[in-house]
Amino acid sequence: MLYSVKRLTPSDLTFFEDKFRQSNVGNQKAINLNRKVFIDLLYPNASALAAGLALQFPCELKIFGPNAINTPNSVMRKIIAAGGTQKNWRLNGETVHAPSDQPFPDRYQSLESGDLVVFGFTGSEVPKEAVMVLVSGTASLDRNVYSTLNTLLGASSMMALSETELMTVVDMSQADHPIRELLDPELDEALIDASLGTSSAAEKLRSRGIRRTTHKALAEARAKAERVGRDGEALVNGRLKGLLNSGEIAGFVWEAETNATHPFDFTIEWSAGNLSSVEVKSTEGNHERNLIFSQAEIEYAASTPTLEIWRLSNMRDGRAEARISTNLQQIAQRLTEAKNLIAGVVPTGWTLPVASLAPWGDPFIISSEDDPDE
């Protein structure tokens with residue numbers, strides 16, 4: 001998702017039905033998307049795609065706010081390319097009104113020139129979806145968010161926002177402010193856990209993460225979880241190659257590379273001839289994030305005293321913090337017994353708190369630089 005913030009002008013306000021009827025600034029019915037930001041920074045390939053014509057690109061909008069209203073107004077509109085003498089691209093189409101049969105039917109009446117809109121765009125060449133969060137300069141529930149954004153924007157009319165900049169805004173918002181629909185690491189982690197079947201994560205999303213409850217969002221989260229898992233295994237593979245080259249281990253096999261249904265990821269052969277199994281659990285979040293095991297992994301762990309859990313956390317840019325636990329067997333045995341409480345009922349997976357596998361070994365850094373082949 002690409003982020004930007006814009007200060008609404010009187011002509012921008014005509015995008016909203018209530019304000020259009022009140023205004024005397026023409027028939028624009030659109031929000032201008034400043035070329036120096038929208039094209040030069042966010043979508044540099046869009047100009048070639050439009051080829052100087054005022055082409056129209058459909059875009060699904062979810063509009064939140066103002067005053068921290070977190071019930072979205074979902075509409076289809078168009079991104080219209082700058083063509084002819086037009087300088088800026090526009091978010092255009094019919095005016096937007098709040099449905100009268102939904103909460104806050106007058107939500108847009110209080111908008112004023114100088115209020116802010118934060119965009120989260122999704123799409124490769126041009127936006128296909130966008131989340132808009134309207135932030136009022138006078139509404140009490142927007143006060144902290146507006147103040148932080150206003151400081152970032154300064155005298156500019158529109159600017160691109162990095163994730164780091166947007167996080168400074170999120171950190172100043174209350175837990176239920178819709179700015180978190182754009183970026184909230186806690187909710188993004190919950191989305192991945194929910195996509196893997198964790199009920200507590202799904203409940204958190206239902207109460208706080210509207211954008212993250214769609215079929216598409218869950219599918220993308222499952223794909224991301226698989227990618228993070230594979231990236232974690234690749235880091236461990238590189239680490240084990242280095243240990244093999246230094247003589248610290250006698251050999252290893254990346255079991256999951258050839259059989260994705262294998263109940264663990266690696267087999268390590270130590271110099272003394274003994275073997276260990278390794279299950280890698282990776283996350284871009286912190287170490288305290290819950291661990292998710294399949295029933296097959298739990299059943300294998302229950303019968304294997306030599307199983308090591310390698311927990312990779314804070315994964316980014318080919319690096320992660322790793323800790324190792326050898327304490328899964330006992331809890332796995334208890335879970336395996338529990339599956340027989342009702343005849344024929346077998347769970348597909350388990351969510352375990354990190355503390356249940358304590359103690360963990362001292363943390364160490366694992367990175368792609370450990371791989372001697374890189």
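Helices (H or I, at least four residues) and strands (E, at least two) are DSSP runs, numbered from the N terminus. The model is predicted, so local features need pLDDT of at least 70 and side-chain atom pairs count only at pLDDT 80 or more, while totals for chains, interfaces and linings use all residues. Residues are numbered from 1 along each chain as its sequence is written, and side-chain values use heavy atoms, with hydrogens and water left out.

After α4 comes G154, which has a positive phi near 60 degrees. The backbone oxygen of G154 is in turn reached by the side chain of R7, at 3.0 Å.

R7 itself belongs to strand β1 (residues 2–7). Beyond its neighbours within four places in sequence, R7 contacts D12, G114, D115, L116, Y146, N150, L153, G154, S156 and S157. R7 is buried but has no salt bridge, and D115, the nearest side chain of opposite charge, is 7.9 Å away. Here Lys and Arg count as positive and Asp and Glu as negative, with His and the chain ends not counted; a salt bridge is a side-chain nitrogen of Lys or Arg within 4 Å of a carboxyl oxygen of Asp or Glu.

Elsewhere, such pairs do form, and the structure holds 14 salt bridges. One of them joins K6 to D12, with the closest N and O atoms 2.5 Å apart. K6 counts as buried because its relative accessibility is 2%, and D12 is likewise buried, at a relative accessible area of 0%. Another pairs R21 with E17, again with 2.5 Å between the closest N and O atoms. These two residues both lie in helix α1 (residues 17–22), 4 residues apart, or about one turn of the helix. R21 counts as exposed, since its relative accessibility is 66%, whereas E17, at 17%, counts as buried.

E284 and R227 form a further salt bridge, their closest N and O atoms being 3.8 Å apart. This pair links distant parts of the chain, 57 residues apart: E284 sits in the loop between β11 (275–282) and β12 (291–294), and R227 in helix α8 (residues 215–245). E284 is partly exposed at 31% relative accessible area, and R227 also counts as partly exposed, at 40%. Through shared partners, salt bridges join K224, R227, D231 and E284 into one network.

Turning to the nonpolar residues, the largest nonpolar core has 35 residues, and L33, F38, L61, W89, L91 and M132 have the most contacts inside it. A nonpolar core is a set of buried Ala, Val, Leu, Ile, Met, Phe, Trp, Tyr and Cys residues joined through side-chain atoms within 4.5 Å. Not counting residues up to four places away in sequence, L61 touches F15, N73, S74, V75, R77, L91, A130 and M132. A second, separate core has 20 residues, among them V5, V133, V135 and V169.

Note on methods. Buried means under 20% relative accessible area, exposed over 50%, partly exposed in between (1.4 Å probe, protein chains only). A polar contact is a pair of N or O atoms within 3.5 Å; within protein, one must be able to donate a hydrogen and the other to accept it, and residues adjacent in sequence count only if both atoms are side-chain atoms. Contact means heavy atoms within 4.5 Å.
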